[in-house]
Amino acid sequence: MVDVRDAMGANAVNTMAEAIAPRVAEITGGRTLLRILTNKADLRLTRVRAVFDAEALGGAEVVDNMLDAAEFAVVDPYRAATHNKGIMNGITAVVLATGNDTRAVEAGAHSHAIGSTGQYTSMSRFEKDRDGNLVGTMELPMPVGLVGGATKVHPVAQAAVSLLGVSTAAELADVIMAVGLAQNAGALRALASEGIQRGHMSLHARNVAVTAGARLDEVDAVVAKMIADKAVRAEAAEAIIAALRTGAQA
């Protein structure tokens, strides 16, 4: 067990493992083969908790629906896979932006989602407090660092760390986990109310509009028209753009 402080720790642990390998072989009378860390850093856990106001979410019925959706992910591994993917949408984004190892964090998080029964389950838990608000909690291994690796040398990673205002790896882990929990709550709310496709189709429509050649000041209008016409397609976007520009010239 190695306390790597503000480093991610792979280089430190792997160097140690390789250095002691001959002595381990000598003591045991065997041979050493794998000399590498584990990404299941379950002694490097970060825990976050948030209270989401019931009225801000849309009322008591939405909260109850979100609780049902969250419980579905707890008991069913097929739902848990997508539920946890949504959590990792937030976590991976911040890990990547700060120059940390996305694959290490993802591997550790998913392995930690194996419950005591051996079944893959939800990374997060939700309940309702006495005031009817939604309370979310999450605990995961979060092996991220601020020293060594790309975080210390990549200018974009440095800018992201500066923007966050964190000074230790533990603080960075707190932020990453908070983003993951917020992302999870947002997805649950969408599923428990208007459905996830509304947001997905809006994003898809923006991509179609930009691909079709819409300028920045035209995108919102093109997206709104495509969604209203239920025609989110490249040819529809091109026709709307042409009409907009013809009208502007007139």
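Biologist: What makes up the lining of the largest pocket, by class?

Modeller: In this predicted model, local features need pLDDT of at least 70 and side-chain atom pairs pLDDT 80 or more, while totals for chains, interfaces and linings use all residues. Residues are numbered from 1 along each chain, and side-chain values use heavy atoms, without hydrogens and water. The lining has 15 nonpolar, four polar and seven charged residues; Asp, Glu, Lys and Arg count as charged, Ala, Val, Leu, Ile, Met, Phe, Trp, Tyr, Cys and Pro as nonpolar, and the others, Gly among them, as polar.

Biologist: Which element gives the most to that lining?

Modeller: Helix 8 does, with four residues. Helices are DSSP runs of H or I with at least four residues, numbered from the N terminus.

Biologist: Why is helix 4 called oblique to helix 8?

Modeller: The axes of helix 4 (residues 77-97) and helix 8 cross at roughly 135° and come within 8 Å. Axes are lines fitted to C-alpha atoms over the stretch in contact, with angles from 0 to 180 degrees between N-to-C directions. Under 35 degrees is roughly parallel, over 145 roughly antiparallel, 65 to 115 roughly perpendicular, and the rest oblique. Helix 4 is therefore oblique to helix 8.

Biologist: Which residues of helix 4 meet helix 8?

Modeller: Among them are His 83, Gly 86, Ile 87, Gly 90 and Val 94, and the residues they and their neighbours meet in helix 8 include Ile 176, Gly 180, Gln 183 and Leu 191. Contact means heavy atoms within 4.5 Å.

Biologist: How many residues of each class are in that contact?

Modeller: Nine are nonpolar, seven polar and one charged.

Technical notes. Helices (H or I, at least four residues) and strands (E, at least two) are DSSP runs, numbered from the N terminus.
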